[in-house]
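Take a look at the chain below.

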Amino acid sequence: MLSIGEFSRVTQLTIKALRLYHEKGILIPDRIDYDSKYRYYRSSAVEKAMVIKRLKDMGFSLNEIKEIVQECSDDTQVAAYVEKKLKAVDEVICQHMDIKQNLFLFMQRDKEEQTGHDHTNPSPAVEEEIIPGMLIAGI
């Protein structure tokens, strides 16, 4: 059994995070000393903690992580959640790209108004687009 401090060092999760994960039901310690409030974990929980850490690093919320940890029994099921998260991130990126384009156009028009340039036929705006990855072969 590893104390919460030892488990924290091994997993590189803070003690505060481990307590929060316990409160949320994401990572339950194997034993709790109710006098000292110390939590103890089996070494077998390290792998689960590392999965939780990785999911957190990928931007999953604690509620999503809890669902994944409770519902998924293999990598294929986790991959479905990752794919769904990837699509959500792509949507946010596209929204931010639209915002960026609008801000750029606003600034461009503002500069034109300040300098007195009137472009009745402005050059076409350059658009950026994120496209899914693809395999490309070359010689």
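**A walk through the model**

Ala80 is partly exposed, because its relative accessible area is 48%. The scale is simple: buried means under 20% relative accessible area, exposed means over 50%, and partly exposed lies in between (1.4 Å probe, protein chains only). This is a predicted model, where local features need pLDDT of at least 70, side-chain atom pairs count only at pLDDT 80 or more, and totals for chains, interfaces and linings use all residues. Residues are numbered from 1 along each chain as its sequence is written, and side-chain values use heavy atoms, with hydrogens and water left out.

Ala80 belongs to helix H5, which covers residues 75-115. Helices (H or I, at least four residues) and strands (E, at least two) are DSSP runs, numbered from the N terminus. Now compare Ala80 with Lys16. They are 64 residues apart in sequence. In space, their C-alpha atoms are 29 Å apart.

Stay with helix H5, where Ile93 also lies. Ile93 counts as partly exposed because its relative accessibility is 31%. Together with Val89 and Ile130, Ile93 makes a nonpolar surface patch of about 210 Å². Patches are made of residues with over 30% relative accessible area and no salt bridge; like charges are joined within 9 Å, nonpolar side chains (Val, Leu, Ile, Met, Phe, Trp, Tyr) within 5 Å. A salt bridge is a side-chain nitrogen of Lys or Arg within 4 Å of a carboxyl oxygen of Asp or Glu. The areas come from the Shrake-Rupley method with a 1.4 Å probe; for residues, only the protein chains shown count as cover.

Next, the sheet. In what order do the three strands stand? The order is S1-S3-S2, in an open sheet with antiparallel pairing. Strand S1 (2-3) and strand S2 (31-33) are the edge strands, each pairing on one side only. Two strands pair if DSSP finds at least two bridges between them. S1 and strand S3 (residues 38-41) run antiparallel and are joined by two bridges. Leu2 has Tyr41 in S3 as its bridge partner, and Ser3 stands opposite Tyr40 in S3. S2 and S3 form a hairpin, with four residues between them. Lys37 sits in the turn and has a positive phi of about 65 degrees.

Now the rings. The structure holds two aromatic pairs. Rings of Phe, Tyr and Trp (its six-membered ring) pair if their centres lie within 6.5 Å; planes under 30 degrees apart count as stacked, over 60 as edge-to-face and the rest as tilted. Phe7 and Tyr41 have ring centres 4.2 Å apart and planes at 10 degrees, so this pair is stacked. The pair links distant parts of the chain: Phe7 is in helix H1 (residues 4-11), Tyr41 is in strand S3, and they are 34 residues apart. Phe7 counts as buried because its relative accessibility is 0%. Tyr41 is buried too, at 0%.

Tyr38 and Tyr40 form a tilted pair, 6.3 Å centre to centre with 40 degrees between the planes. Is Tyr40 buried or exposed? Tyr40 counts as buried, at 19% relative accessibility, whereas Tyr38 is partly exposed at 43%.

Tyr40 has a charge over its ring as well: the charged end of Arg31 sits there, 4.3 Å from the ring centre. The rule asks for NZ of Lys or CZ of Arg within 6 Å of the ring centre and within 35 degrees of the ring normal. Lys85 places its charged end over the ring of Phe60, 5.4 Å from the centre.
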